[in-house]
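I begin this notebook to record what I look up in the structure shown below.

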Amino acid sequence: MLKYYLIVALIVLTSAAATPLSALAQSGGLTLFGVQLNCDPSLPPDDSIGNGCGLQEVIQFMNGVLKFLLNTIIGPLAVLMLIVGGYYFLTAAGSPERMEKGKKIITIALIGVVIAAVAGIMVGILSGILTGQDVPLPT
């Protein structure tokens, strides 16, 4: 069953990656992951028209992707795993195996949240260093 889900996810990701970005571009720019990019990703950064994406747009996009991952996927998944771990722990009924499994799930979920938070902070610091600007950390 897991194999089926992996195949479906691979097909969806492949078809999304195969979509030409220039076809998605509109007159106001391109919006991906809630980030408005005022450039055309299909052009080189130093084109004569000046519409290619440069370092600032790439960093802006990466911050948007990170914010999307933290707020939309990692946060709710961590809450769900904490609930599952708590359920295992509370319904153990004295079974040490189920109590250990619940503790392990909760510990792994909390470690994942810490890793995701540190990654967000590191990306914010690196983007600030690379651009020389104050880039807000993902919230």
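**Entry 1: helix α3.** I looked up the buried residues of α3 and found Ile59, Asn63, Gly64, Val65, Leu66, Leu70, Ala78, Gly85 and Gly86. I take buried as under 20% relative accessible area, exposed as over 50% and partly exposed as in between, with a 1.4 Å probe and protein chains only. The model is a predicted one, in which local features need pLDDT of at least 70, side-chain atom pairs count only at pLDDT 80 or more, and totals for chains, interfaces and linings use all residues. Residues are numbered from 1 along each chain as its sequence is written, and side-chain values use heavy atoms, with hydrogens and water left out.

I then checked the span of α3, which covers residues 55–90. Its 36 residues reach 50 Å from the first C-alpha to the last, close to the 52 Å expected at 1.5 Å a residue; the expected span is 1.5 Å times one less than the number of residues. I noted a kink of about 35 degrees centred on Leu70, where the bend is the angle between axes fitted to the seven residues ending there and the seven starting there. Leu70 is also listed among the buried residues of this helix.

**Entry 2: Ile74.** Ile74 has its place in helix α3 and counts as partly exposed, at 31% relative accessibility. Leaving aside residues up to four places away in sequence, I found that Ile74 touches Leu69 and Ala116; contact means heavy atoms within 4.5 Å.

**Entry 3: the loop between α3 and α4.** Which residues does Ala92 touch, not counting those up to four places away in sequence? I found Arg98 and Met99. Ala92 lies in this loop and is buried, with a relative accessible area of 6%. Ala93, in the loop between α3 and α4 as well, is exposed at 77%. I recorded for Ala93 a positive phi of about 55 degrees, although it is not a glycine. Most residues other than glycine have a negative phi. Ser95 is a further residue of the loop, buried at 19%. The side chain of Ser95 makes a polar contact of 3.1 Å with the side chain of Glu97. A polar contact is a pair of N or O atoms within 3.5 Å; within protein, one must be able to donate a hydrogen and the other to accept it, and residues adjacent in sequence count only if both atoms are side-chain atoms.

**Entry 4: the whole chain.** I counted four helices and two strands, in the order α-α-β-β-α-α along the sequence. Helices (H or I, at least four residues) and strands (E, at least two) are DSSP runs, numbered from the N terminus. Buried residues make up 23% of the 139 residues.

**Entry 5: confidence.** The mean pLDDT, the predictor's confidence in each residue from 0 to 100, is 74, and 58% of the residues reach 70 or more. Confidence is lowest in helix α2 (residues 21–24), at a mean of 44, and highest in helix α4 (residues 96–131), at 87. Over residues 17–27 the pLDDT is below 50, and I noted eight contacts in the model for this stretch beyond near neighbours in sequence.
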